[in-house]
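Here is a short briefing on one protein chain. Keep the sequence and the 3D view side by side as you read.

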Amino acid sequence: MIYLQLFCSFLQIGLFSFGGGYASLPLIEDQVTNFHHWMTVPEFTDLITISQMTPGPIAVNSATFVGIRIAGIPGAVAATAGCVLPSCIIIFILAGLYLRYRNGSLLNSALTALRPAVVAMIASAGLSVLLTAFFRNEQELTLSSIQWEMVFISILCFFLLRKTKVSPVAVMLLAGVIKVLFSL
């Protein structure tokens with residue numbers, strides 16, 4: 001039964017994850033933390049961190065991670081299959097339609113109309129991660145609950161990623177080292 005739940009949950013995520021992995025994060029969070037209660041919000045934030053650090057699409061990595069955590073290797077297979085199956089089917093259909101109608105104004109209008117929704121989904125996921133990272137208690141958003149060292153690390157990482165040519169991998173390693181130094 002758990003394998004079917006994992007498959008169906010990630011099938012739903014795979015069906016509605018327009019805009020890439022980051023846009024799917026609110027859907028994954030809702031299924032994993034709110035609907036099934038497989039993880040807490042801080043555990044979900046850790047999942048995002050691990051999924052971001054490993055090679056591959058974040059949604060697929062998240063599905064695999066959740067599946068392993070909930071039901072071992074068979075759970076990972078079920079969740080991952082559910083996540084990628086809709087994309088495989090839809091991309092074959094869309095590729096055929098796109099090649100046939102790529103110069104049509106209706107198709108271009110539809111693709112343009114999806115962009116604001118994708119931006120909103122990515123922003124929602126980013127805000128959720130930001131609140132978990134910056135505040136000790138996500139329910140209490142006060143100045144006294146801000147983790148200032150995390151704010152500093154985030155600003156430094158943002159600066160390095162936007163203004164320098166430092167590798168994102170190096171930035172992640174640097175952030176880990178800085179956090180360890182703050183913890184000493």
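**Overall build**

This predicted model has seven helices and zero strands. Read from the N terminus, its elements run α-α-α-α-α-α-α. The C-alpha trace spans about 60 × 45 × 30 Å along its principal axes.

**Helix 1 with helix 2**

- The axes of helix 1 and helix 2 come within 9 Å. They cross at roughly 160°.
- Angles over 145 degrees count as roughly antiparallel, so helix 1 is roughly antiparallel to helix 2.
- The crossing of this pair, helix 1 and helix 2, is right-handed.
- Helix 1 brings S9, F10, Q12 and I13 to the contact. Helix 2 brings S24, L27, I28, Q31 and V32.
- By class, this contact of helix 1 with helix 2 has five nonpolar residues and four polar ones. It has no charged residues.

**Helix 3 with helix 4**

- Helix 3 covers residues 41–53, and helix 4 covers residues 58–101.
- These two helices pack at an angle of about 125°. Their axes lie 9 Å apart.
- That angle makes helix 3 oblique to helix 4.
- The crossing of helix 3 and helix 4 is right-handed.
- On the helix 3 side, the contact residues are E43, L47, I48, I50, S51 and Q52. On the helix 4 side, they are I58, N61, S62, F65, V66 and R69.
- The residues of this contact of helix 3 with helix 4 divide into six nonpolar, four polar and two charged.

**The largest pocket**

- The largest pocket holds about 1600 Å³ of space.
- It is lined by 40 residues. The closest to its centre are I48, T49, V129, A133 and S154.
- By class, the lining of the largest pocket has 25 nonpolar, 10 polar and five charged residues.

**The second largest pocket**

- The second largest pocket has a volume of about 640 Å³.
- There are 27 residues in its lining. S17, F18, I90, I91 and L94 are the closest to its centre.
- Helix 1 (2–15), helix 2, helix 4 and helix 5 each supply at least two residues of the lining of this second largest pocket.
- Which helix gives the largest share of this lining? Helix 4 does, with 14 residues.
- By class, the lining of the second largest pocket has 20 nonpolar and seven polar residues.

**Links to look for**

Methods. Residues numbered from 1 in each chain as written. Predicted model: local features only at pLDDT ≥ 70, side-chain atom pairs only at ≥ 80, totals over all residues. Heavy atoms only, no water. Axes fitted to C-alpha atoms, helices over the stretch in contact; angles between N-to-C directions. Helix = DSSP H or I, 4+ residues; strand = E, 2+ residues; numbered from the N terminus. Parallel < 35°, antiparallel > 145°, perpendicular 65-115°, else oblique. Left-handed = near helix turned anticlockwise from the far one by under 90°. Contact = heavy atoms within 4.5 Å. Nonpolar A, V, L, I, M, F, W, Y, C, P; charged D, E, K, R; others polar. 1 Å grid on protein atoms, 1.4 Å probe; cavity = no way out; pocket = protein on both sides within 12 Å on 5 of 7 lines; lining within 4 Å. Points joined across faces, edges and corners; volume = space filled by probe spheres on them.
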